[in-house]
Amino acid sequence: MQPKFVVGASIVCVLTVVGVLSPWLAPYDPGKQTLEAALKAPQWFGGAHFLGTDSLGRDILSRVIYGARVSLLVAFAVVLISGFVGISLGAVSGYFGGRVDFTIQKLVEVVWAFPALLLAITILAFLGQGLFNLIMALVAQRWIQYCRVVRGQALALRGRDFVTATRALGASDQRIIRRHILPNLIQISLVIGTFSMASAIISEASLSFLGLGVPPEIPTWGTMLADSRSYISTAWWLALFPGLCIFLTVLGINLLGDAIRDLLDPRLKRTVKG
Amino acid sequence: MQRRRGTKGDIIAVYLLQRLFGTVPVLLLIALLVFVLLHAAPGDPTTMLLGQETTAADLAEAKRRWGLDQPVHVQYVKFVLAAATGDLGRSFRFSAPVKEVIAERLPATIELAAFSILIAVLCAIPLGVCAGARPNSWIDNVGTSFGLFGISMPNFWLGIMLILLFAGTFHVAPSAGRSTYGIAGPSQTGFYFLDSVMQRNWAALKDAFLHVLMPALALGVNMIGILMRVTRSSVLETATEEYVVTARAKGLAERIVLWRHILSNALIPIITVVGLELGTLLSGSIIVETVFAWPGVGSLLITGVTSRDYPLVTGLVLMYTVAFVTINLIIDALYAFIDPRIRY
Amino acid sequence: MNRRQKLLLAGLTALLLITAQARPAEAQTRVSIGVTETMETYNPYGDSVSLLYGIWCQVMGCLGTYDFDKGDYVGMLAERWEVKDPNTWIFYLRKDIRWHDGSPFTADDVVHSFNRARNDPQSKQTQNIAPIASAAAVDKYTVRFTTKQPTAPLLEYLFDRLIITNKAVYEKYGTEADRKYPIGAGPYKFKELVPGQRFVIAKNPDYPGMKQLTQAPDELIFRVMREDEQRVTALLNGEIQIAQFIPPHLRKRVESDPNAKATTVDSVEIMFLAMQPKPPFDKKEVRQAVCHAIDRDRIITTLLQGLAARLDGPIGPGQYGYDPNLKPKYDYSPDKARKLLAQAGYPNGVDVELQTTVGRYTLDKQLNEAIVQMLNGAGFRAKLLTPEWATLWSNVQAGKTPFYYMGRGSIVDPSVALSQYFETGGSPRIGYSNPKFDKLLATERQTFEPAKRRKVLAEAMSLLTDDAPACFLWRHKMIYGMAKNIDYKPTPSGRIFGEDIRVLR
C-alpha cells in the first residue's frame, strides 16, 4: 500500500466516523449558548471548552464535530451528483461530436453563463432554506466543470488509434464509451472531483456570506467560517478550527484520489510492471 | 500534407462559424431564463429601491412608471425587440443605460482577472510540472499542500486575511478600491494600467498595482490549487506516453523532454481549466469585488441581483454569455492547434 | 538558477521599499470616511439610501435638517417656515445662497426639485413628497407647499430628503446635467463619483459661514468598505480617518491603537420583532409572551457589550414624543410567557419561524440566534431562517412574513413610521388593525401644537406597547472609529456632514 493511500484513507475515515458519531463524540450540545461565556479562548489544558467558544458562547469543539456531518454530506452529495451528470454528458458530447456535441455545449454555455448566485437565490427562495435545496443549488452549476473537461479529453481520445481500431473491429458506441473512453477519463475526473469537493464546502460558506446558507441551527464549517470573518483579528480560534477541518478534508480526499488514480491507471501500471 | 492541413483549417473555420451563429438562440434562451427566474424570485425593483418609508401607492405608481405592471411575456418581447437594435434598456439602480454601466465597469474586472490568471499561471504551471516530473518528491508534497491550502479557503475570508496582513500588519497595500483619489489623471481607456503608462504617470501605475494586488491574490490563490493539480496529473499522464519514452531513449536532455515534449502535450486539460477559471473569474469575482469595493462587473451583478434590477442583470448575463462563448471558442481552437489529432 | 533567484529577491525588496515609502504631506485637509452603503448613481433622485441623502444634501442642497443637539429642525436653504393653515406650508428661503456656478438660488429651483423628485422617470424618492399635492413659488424667495391632507410631521418627509437641484442647468442639459454639470448650492461641491467605490466632495468657501469653519475638511472622501475588519484596518492604517459602524467586539481593537479613538452615538433606528396577527400571533397573549420571553438586558450586556439601549416602547429618549415617565411593561419572565401561552390555548408550546437579515444590522444573526434560544426556553418551539435580503424585504412588504426582526431607521418624529407599520391600511408589513390606535394617529396628524401632539403620540404608543403587534427591543449605539486628530460627533441618523467635522492640526 502506498503511504498516500494510508494517510488519505485514514483522514477521510476519521472524519466520516466523527461525522457519523458526532452526537456521541461532542462534549456539548452544539447549539447550546451561554452568552456570558462568549469568545473564550481555547483551554488546551483542562477547562470546559477545549477549543474555546464562539460569539454566543457555544462550544467550538462540539460545533466542529457536528459540522463534519453536514459539511461532508454536502461535499459528497454535490460531487457525486454533479460528477455523474457532468461526466456522462461530457463523454457523450465529446465522443459523438456533431449535433449531439453542439446541443450539449449550448446547454453548457447557457448554464455556465448563468450567474450561480442568481440560480442559488431563486432555488432557495422557491424551495425554501434547507440542506437538500442547498445541495441542489450547488449541483445546478457544478456539473459544467466535469462536462467541459471530460468532453475535451473525449474529443482527444476518439481520434486515437485504439479507439479507431476498436470501432473498425465492429464494437458498438456504447461499448467503446464504456470500455475505452470512460476508463481513460477517470484520472482527470478524479482530480476535478477531489477538487470540487473542497469547493462545494467553500461554496456553502460563500452562500452563508450572502445569507443564503443552511438554516443557522445547523452547524457547518462553512457557516462557522463565514460568521468568523469580523472576528479574525480579535478571536482567531473562531476561524482557525473550521478552516483547519476544511483543509484536512481537502487534503485527505486529494491524497485518496491520487492513490486511487494510481491504482486505476492502466498505463502507469504497465510502466511499473516494466 | 499541405492540402490535408488546409482542409482541416476549413473544417475548423466552418465549425467556429457554426458555433458563432449558434450563439443567437443561446442568447435568447438565456434572456428568457433570466427573465423568468428574476420575475419569479420574490421582490422587484420598486420594493428594493424605494426607501423603507414607501407606501403601497408609491410602489404601484413606480411599477407603472417603470413598465413593470405589464405581464412578463410582454416585457420579454419588448426587451428582445429593443435588444435586437442594440438597446439593453436602462438600469433602475444606476439610472443610466445598461450598456454604459457595464462598459464602464468591465475594464476593472478584466484587469483583475488578468492579474489573477497571471499570478495563478506563473505559480501553478511551474509547480505542477515540477511536481508531475518528480511525483512524491518534496517539491511535489510542498506544492500539493500549498495548492490544497489555496482551495481550502473561501475567497471572502482570504480577502479579509490579506487585508489584515498586507494593510494592517505590513502597511504595504490599501484595503479597498481600485485607485487612490487624486493620483491618476482622467481615465482614457478604463484600464488603469494602460492609462498610467500612456500618461507616463508612474505614481498612478504603482497605485493601480498596489490596489489590484490583494484582490488578485485572493482570486489567484484559489485558482493556483486546481491549476497546479491539473498540470501535475496531466504531466504525470503524458510522461508515460510512448513518444516521451522514445524522446528520452533518443538521449534528449531531461529538461527539453519535460518542457517541450511533455508540457506541450499536457496542455489540453490545463487550457480547459484556465478557460473555465477565466469564466469563473468573470462572474465568480462577485464576492472578492464586493469585499474590496472593486468597481467591476462582479460587484455590479450582486448589486443588480439584490436590487432586482431586471435590465441590468439581463444585460450582464448576456454579456457573460458572449464572453463565455468566445472563451469556449478560443479554447476549442487552441485544442486543435495544440493536438493535431483532434477533429471536429 | 542562482542568479535568477537573486534577481527575484532584489526585485521583491525594491518593490517593498517603494511601497513602504510614506505618503506625501498635503496642505489641504482631506478626510476619508469608510462607509458601508454603496453609491451608484449620479442622479440625486436616483437612490434612496440614507448615506446618499446626506451627501446630496450638502452638495446640492436641501431645505433643512434635524439638529439632534438642539432637538429641533433647523433650516439650511430655508431660513424659516410657517404653517399658514393645516394644508399650507410656507418656506422662506435664504437670499444669500448662490449655485456653485455663481447664479442665484431661488424659489423656482425648489419647485423644479419637487417636480423632478416626482416626475423623473428614475426617481426613487417619490415617497418623500407623497403628502404634498403641489408646490408653487410665491415670490423669488418664498415657496408654498400644499398638502393633500393635514400632515403635522411634514418636515420629517422633506428635511434632508427633498434634494434641491438647479433648474437652469437641468433645463439646458437634461439628464446629462447630473453627470456632466453637477452644480449644487450646498456647503460642499461635487468633485468625483466612482460608482461602487468612492464619492469625493470639496469645501465650498462661498457658502455662507463656510470660510469661518477653517477646521472643516477641505475634501471629504466617502469610501465603500463593507467588511468590519476592513474599515478598522483602514482606520488604523491611516487610509481613512473616520470608520462608520464598528461592531461592539472590534471597539477594543480601535481603542488599543494610539492614533485612534472610538465614539458612540445612540442610533435613531429602532429594532423590533414584528408579529403578524395571524395564528398563532392573532392572540394578544402569544405576542405578549414573546416580549416576556426575551431577556433584552442580558443580550445587551453580553452580546452587545452594553452598546444598545433597551426600548420599552416604540421609541426612546431623544425621539419626538418620548414619554420620560414610561414604565417598562415587559420584564424578562419565562414563567409569565408560559402562562400567557397557556391562556392563549398553547399549554404545550407553539411552533414559530423567525426570519432575520444577515449582516444588515449590527450582529443581526447572532442576536436572533440568542433570541430563538430564549424563545425556546419559554414555551415556544422557534426556528430561525436567514433568507437573502431582497427575498425577505419584499416578502415583508407584501405581508408574507409572519414573524421577523427588522429595524426602522431615521425615526426622529415617529408618526410616519407608526402609521406605516401599525395603522390600518398603512402597509401590509404587519397587517395590524386597531380602530382605537388609528383614531389616535389621525388626531395626532391634525394637531399642530407640539405639547398636545406629543401627548396624543405618547398615548398611541402606549396602546401599541400593550397590544404588542411588535416587540420593541433596543436601539443600537453606533460606534464610529476616528483618527485622534479628528473631532467629530456622529449624528444619530447616520448622516455625515462635513461642517460638523473638525480636523485638528
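Mentor: Let's start with a term: a residue is buried if 20 or more other C-beta atoms lie within 10 Å of its own, exposed if 12 or fewer, and partly exposed in between, with C-beta atoms placed from the backbone. This is a predicted model, where local features need pLDDT of at least 70, side-chain atom pairs count only at pLDDT 80 or more, and totals for chains, interfaces and linings use all residues. Residues are numbered from 1 along each chain as its sequence is written, and chains are lettered from A and ligands numbered from 1 in the order in which they are written.

Trainee: Okay, so is C:Y421 buried or exposed?

Mentor: Count its C-beta neighbours inside 10 Å and you get 22.

Trainee: Which element holds C:Y421, and which residues does C:Y421 touch?

Mentor: Helices (H or I, at least four residues) and strands (E, at least two) are DSSP runs, numbered from the N terminus, and C:Y421 sits in helix α14 of chain C. Two residues are in contact if their C-beta atoms, placed from the backbone, lie within 7 Å. Leave out residues up to four places away in sequence, and C:Y421 touches C:R408, C:G426, C:S427, C:R429 and C:I430.

Trainee: How are α14(C) and α15(C) oriented to each other?

Mentor: Axes are lines fitted to C-alpha atoms, for helices over the stretch in contact, and angles run from 0 to 180 degrees between N-to-C directions. For α14 (residues 415–422) and α15 (residues 435–446) of chain C, the angle is about 150 degrees and the axes are 11 Å apart. Angles under 35 degrees count as roughly parallel, over 145 as roughly antiparallel, 65 to 115 as roughly perpendicular and the rest as oblique. That makes α14(C) and α15(C) roughly antiparallel.

Trainee: Which residues of α15(C) make that contact, and what is the handedness of the crossing?

Mentor: From α14(C) come C:S415, C:L418, C:S419 and C:F422, and from α15(C) come C:F437, C:L441, C:E444 and C:R445. A crossing is left-handed if the near helix is turned anticlockwise from the far one by less than a right angle, and right-handed if clockwise. By that rule, the way α14(C) passes α15(C) is left-handed.

Trainee: Now between chains: how do α5(A) and α14(B) lie?

Mentor: α5(A) and α14 of chain B (residues 297–306) pack at about 25 degrees, with axes 10 Å apart. Their crossing is right-handed. With that angle, α5(A) and α14(B) are therefore roughly parallel.

Trainee: Zooming out, which element gives the largest share of the side of chain A that touches chain B?

Mentor: In the whole A–B contact, 46 residues of chain A meet 51 residues of chain B. On the chain A side, 27 are nonpolar, 13 polar and six charged. The largest share, ten residues, comes from α8(A).

Trainee: And how many charged residues are on the side of chain B that touches chain C?

Mentor: That contact takes 43 residues from chain B and 48 from chain C. The chain B side has 20 nonpolar and 15 polar residues, and the charged ones number eight.

Trainee: What share of chain B is buried?

Mentor: Chain B comes to 15 helices and two strands, and its C-alpha atoms fill a box of roughly 85 × 55 × 40 Å along the principal axes. Of its 344 residues, the buried share is 52%.

Trainee: Last one: how many residues of α9(C) are buried?

Mentor: The buried ones include C:V286, C:V290 and C:H292, and what covers them includes β13, α11 and β18 of chain C. α9(C) (residues 284–293) is largely enclosed by the rest of the structure, because its buried residues number eight of the ten.

Notes. Ala, Val, Leu, Ile, Met, Phe, Trp, Tyr, Cys and Pro count as nonpolar, Asp, Glu, Lys and Arg as charged, and the others, Gly among them, as polar.
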